[in-house]
Amino acid sequence: RPEDGWKEVVRKSKRMVISSSVVNRIIGRGGMTLTAVREATGAHIDLDRARSAQERVVTIKGSTDAVRIASNALSSLIKEPDREVYDFLPKPNDSPSPATPAAT
């Protein structure tokens, strides 16, 4: 209940069918690309073993924002193979640390 300090979390999931030819692009060397998307968005991303020789299914689960950002990042990676995954992910918060009070 919100009045008790609880926050309602809405979990979403999305399935994307991708060509088997772009699986390596999604996973990245040593899984680095997929790991970067997972860490930046907080989404859980699963890639099925083999739907067919031509297609694979990617399942993205998480908050509404996490699913949207991860889905957009993966789609952009496929559409723009010359760009890096970090071009499509949110940048870390650049806010400065809180000022410490001056000693008197």
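**View A. What covers the buried residues of α2.** In this predicted model, the cover over the buried residues of α2 includes α1, β2 (44–47) and α3. The residues being covered are Thr-33, Leu-34, Ala-36, Val-37 and Thr-41. They lie on the same side of α2, because they span an arc of only 160 degrees around the axis. Turn to the other side of α2 and you will find Met-32 and Glu-39, which are exposed. After α2 comes Gly-42, with a positive phi near 80 degrees.

View B. A look at the pair β2 and β3 shows four bridges in the antiparallel sense. Follow Ile-45 across to β3, and its bridge partner there is Ile-60.

**View C. The largest nonpolar core.** This core has 21 residues, and Val-37, Ile-45, Val-58, Ile-60 and Leu-74 are those with the most contacts inside it. At least two of the core residues come from each of β1 (11–19), α1 (23–27), α2 (32–41), β3 (55–63) and α3 (64–79).

**View D. The surroundings of Ile-60.** Setting aside neighbours within four places in sequence, the contacts of Ile-60 include Lys-12, Ser-13, Lys-14 and Met-16. Ala-43, His-44 and Ile-45 are also in contact with Ile-60. Val-67, Ala-70, Ser-71 and Leu-74 complete the list of its contacts.

**View E. Glu-80 in the segment after α3.** To finish, find Glu-80 in the segment that comes after α3. Glu-80 has a relative accessible area of 32%, which means that this residue is partly exposed. Not counting residues up to four places away in sequence, Glu-80 touches Arg-25 and Phe-88. A polar contact of 2.9 Å joins the side chain of Glu-80 to the side chain of Arg-83.

How values were computed. Residues numbered from 1 in each chain as written. Predicted model: local features only at pLDDT ≥ 70, side-chain atom pairs only at ≥ 80, totals over all residues. Heavy atoms only, no water. Core = buried A, V, L, I, M, F, W, Y, C linked by side-chain atoms within 4.5 Å. Buried < 20%, exposed > 50% of the residue type's maximum accessible area, 1.4 Å probe, protein only. Contact = heavy atoms within 4.5 Å. Arc of directions from axis to C-beta. Polar contact = N/O pair within 3.5 Å; in protein donor to acceptor, adjacent residues only side chain to side chain. Pairing = 2+ DSSP bridges.
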